[in-house]
Structure formats: C-alpha cells, structure tokens
Amino acid sequence: MTDLDTFIAGLPKAELHLHIEGSLEPEQMFALARRNRVDIPFGSVEQVRAAYSFSNLQDFLDIYYQGADVLRSQEDFRDLALAYFDRAAADNVRHAEIFFDPQTHTDRGIPFGIVAEGLLDGMAEAEARHGLTSKLILCFLRHLDEEAAFETLRQAEPWLDRIAGVGLDSSELGHPPEKFARVFARAGEMGLKRVAHAGEEGPPDYVVQALDLLAIDRLDHGNRSLEDPALVRRLAESGITLTVCPLSNLKLCVVGDLADHPIPRMLELGLAATINSDDPAYFGGYVNDNYRALAAQGRLSTVDIATLARNSFTGSFLDDADVAHHLAAIDDYVAEHG
Ligand code: HPA
Ligand SMILES: [Zn+2]
C-alpha cells in the first residue's frame with residue numbers, strides 16, 4: 001500500500017452514487033439463485049465474472065437487469081443491502097445514499113413493499129452493526145415511459161417518509177430528462193429530493209435539462225458537462241455536487257484510460273465532485289478501490305482526496321448538524337494523517 005492508499009483507507013467518507021442491485025456479487029447471485037430455485041445462465045462464479053466485459057452502458061444494463069432476477073423475497077433485499085453495507089463500513093463509509101430500481105422488480109411481480117421493506121431492514125441493521133447511516137433514493141427507469149414512473153411513485157406512497165428522493169437511471173441516450181419533467185415536479189411537491197444521471201453518455205444538453213426541467217439537487221456522473229464551458233461555470237457557481245464513478249467510467253468506456261479521467265480537472269474547475277462506486281460488483285471495485293485507482297494515476301494529492309471526501313458529506317442529504325459532525329471527523333483525520 002502506498003501512503004495515499006493508507007490515507008484513503010482510514011478517511012471518513014460518504015457514498016452518494018450506488019445502485020444496490022449493482023452490489024450483487026456473483027457469489028451472492030449463486031446463493032440466491034439456489035435459495036429461490038432460479039435458473040441463471042452461468043455455470044460458475046468465474047463464468048459470471050468473465051461475462052462482465054462491456055463496451056457501453058447498454059451492454060452492462062442488459063446483464064445487470066438479468067442478474068437482479070435472483071432477488072425475490074424481503075430477506076433477499078435485506079441480505080443484498082447488508083452485504084453492501086458491510087463492505088462499505090470496511091472502507092470507512094460513514095453514510096450512504098443508495099439507489100434502488102423498483103420497476104426492475106415490480107415488473108417481475110415482486111411487490112414494491114417487499115423491495116422497500118427488505119432494503120430498510122438492511123439499512124437499520126447496518127446502522128446498528130456499524131453506525132453507518134443511510135438514505136434511500138427511488139430511481140425511475142428512463143427507458144420506460146412517464147406513466148410507468150407515475151405509477152411507481154403512487155406505489156411508493158406508503159413508504160415516502162422513509163425515502164429521501166427520486167433519481168433517474170438506465171439507458172440515457174434517446175431518453176432525455178425532459179421525458180420525466182412532470183413526474184419530477186410531482187416528486188418535488190411531495191417533498192422529495194431530486195437527482196438524475198446525466199452526461200454519462202448523453203450530451204451536455206441533458207445536464208442542462210436535468211437542471212432546468214427536473215430541478216435536480218445533485219447530478220449523477222455529469223462527465224460530459226466539461227464539453228460546455230457555460231455549463232461548467234453554471235455548475236461551479238451553483239455548487240451542485242457531481243457523483244462521479246471512475247471505475248464505472250472505465251468499464252463502460254465513458255473514459256478510455258483512467259489517466260484521462262476528468263475528476264482532477266473537475267476539481268481545478270471548482271466543481272463539487274465526489275468519488276463513488278456505482279455498481280461495484282460489476283465494475284471491479286468498491287469506493288476505496290475507486291479512490292485508489294485514481295490516486296494511482298498520480299493526479300490527486302492528499303488535499304484533493306480530503307476535498308473529495310468533504311464534498312461527499314456536503315453533497316449528502318444529511319442535515320447541517322450531521323454534515324458538520326462528519327466534516328469535523330475529516331478535519332481530525334487530516335490533522336493526524338494528512
Ligand atoms: O451507471 C449507470 N447509468 C445508468 N443507469 C444505471 N443503472 C445502474 N447503473 C447505471
Ligand atoms: Zn449510476
């Protein structure tokens with residue numbers, strides 16, 4: 001381990017861009033397939049891992065939705081969440097805001113409540129076990145239509161006091177944010193926070209739409225914003241947080257090489273970037289692996305790494321007192337180890 005790796009390992013951090021279905025490790029996929037007697041088109045864990053070679057977002061999504069088929073019961077969703085939280089706690093993640101894709105499950109006949117209650121069970125257990133706090137963000141699948149998103153929001157109503165916000169994920173190209181302007185407006189009226197994936201594969205205009213038409217509180221990915229200088233100025237001036245995912249970007253060919261990853265440039269431009277793992281079981285690493293992979297390029301100092309961790313708390317939906325508490329913990333850590 002380099003000195004930077006040691007510094008990263010102990011640094012308190014939040015994770016703000018994590019799809020819980022994307023934390024399903026092949027071993028757990030096999031275990032759940034056995035438990036639920038579900039056929040999966042793989043003979044071994046090695047075969048599953050060998051299939052994780054993607055040339056774009058859609059390639060990944062096809063296999064990711066297939067993997068989710070082994071998730072059936074409330075206990076499955078609890079176990080999935082807990083396995084993630086155990087790993088996150090080992091990376092010194094103190095708070096996580098996790099995405100889930102209810103439509104992936106309700107479209108297979110799994111009731112919304114089974115999914116939500118299972119995840120909430122896992123979240124409560126993670127707080128008891130590790131002191132790791134978390135929030136839940138309901139994502140609409142953007143390849144489905146607006147009416148399906150409205151129906152999902154209706155199904156979520158009994159759980160809305162335990163859901164922090166809504167997000168937008170799945171196939172970006174051809175599914176611009178404007179398609180979901182009305183359902184996001186409704187979510188805002190219901191007091192929910194709003195986030196959206198934009199500028200991962202889609203053009204800078206999709207980021208502008210997410211800001212103007214979805215009134216997002218946080219931008220997921222946002223890489224392609226850098227192609228538009230006026231948009232960069234707007235993002236910097238507003239202070240909006242970007243949840244960036246280096247190993248995901250590499251695996252989905254959003255960047256060709258980590259040496260060219262935009263995070264160092266984002267920090268130079270004054271953007272509130274954070275580092276996250278996205279779908280760690282599919283992209284080869286949890287949050288500290290993402291920090292380490294980027295640090296290994298020699299383009300991040302300990303000051304930059306601490307800034308990224310601070311941004312993860314200031315960009316969270318925690319209240320001000322909790323954010324202040326976590327920032328003080330980072331200050332103490334940097335004073336001792338920086
Ligand atoms: O990186 C992603 N982009 C869009 N949709 C997703 N769903 C899971 N991961 C992703
Ligand atoms: Zn994502």
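Student: Which residues does E200 touch, leaving out those up to four places away in sequence?
Tutor: E200 touches L57, E172, H221, N223 and V254. Touching here is a contact, where C-beta atoms placed from the backbone lie within 7 Å. Keep in mind that this is a predicted model: local features need pLDDT of at least 70, side-chain atom pairs count only at pLDDT 80 or more, and totals for chains, interfaces and linings use all residues. Residues are numbered from 1 along each chain as its sequence is written, while chains are lettered from A and ligands numbered from 1 in the order in which they are written.

Student: Is E200 buried or exposed?
Tutor: E200 counts as buried because it has 23 C-beta neighbours inside 10 Å. The cut-offs: buried takes 20 or more other C-beta atoms within 10 Å of the residue's own, exposed 12 or fewer, and partly exposed is in between, with C-beta atoms placed from the backbone.

Student: Where is E200 found?
Tutor: In the loop between strand 5 (193-198) and helix 10 (204-214). Helices (H or I, at least four residues) and strands (E, at least two) are DSSP runs, numbered from the N terminus.

Student: What does UniProt list E200 for?
Tutor: An unreviewed UniProt entry lists E200 under "active site". Such annotations may be inferred rather than shown by experiment, and the positions follow the numbering used here, with feature names shortened.

Student: Ok, ligand 1. Which residues are around it?
Tutor: H19, G22, L57, D169, S170, H197, E200, S248, D278 and D279. For that, a residue's C-beta atom, placed from the backbone, has to lie within 6 Å of the ligand.

Student: New topic: how are the strands arranged in the sheet?
Tutor: 8 strands make an open sheet, ordered 1-2-3-4-5-6-7-8, with parallel pairing. Two strands pair if DSSP finds at least two bridges between them. Strand 1 (13-19) and strand 8 (272-275) are at the edges with a single partner strand each, so one side of each has no neighbour in the sheet.

Student: And strand 4, how many of its residues are buried?
Tutor: 5 of its 5. On one side of strand 4 sit G165, G167 and D169, on the other V166 and L168, and both faces are covered.

Student: How many bridges join strand 3 to strand 4?
Tutor: 5 bridges, and the two strands run parallel. In that pairing, L138 stands opposite V166 in strand 4.

Student: What about strand 6 and strand 7?
Tutor: Strand 6 (residues 218-221) pairs with strand 7 (residues 241-244) in the parallel sense, over 3 bridges. There, L219 is opposite L242 in strand 7.

Terms used: Two residues are in contact if their C-beta atoms, placed from the backbone, lie within 7 Å.
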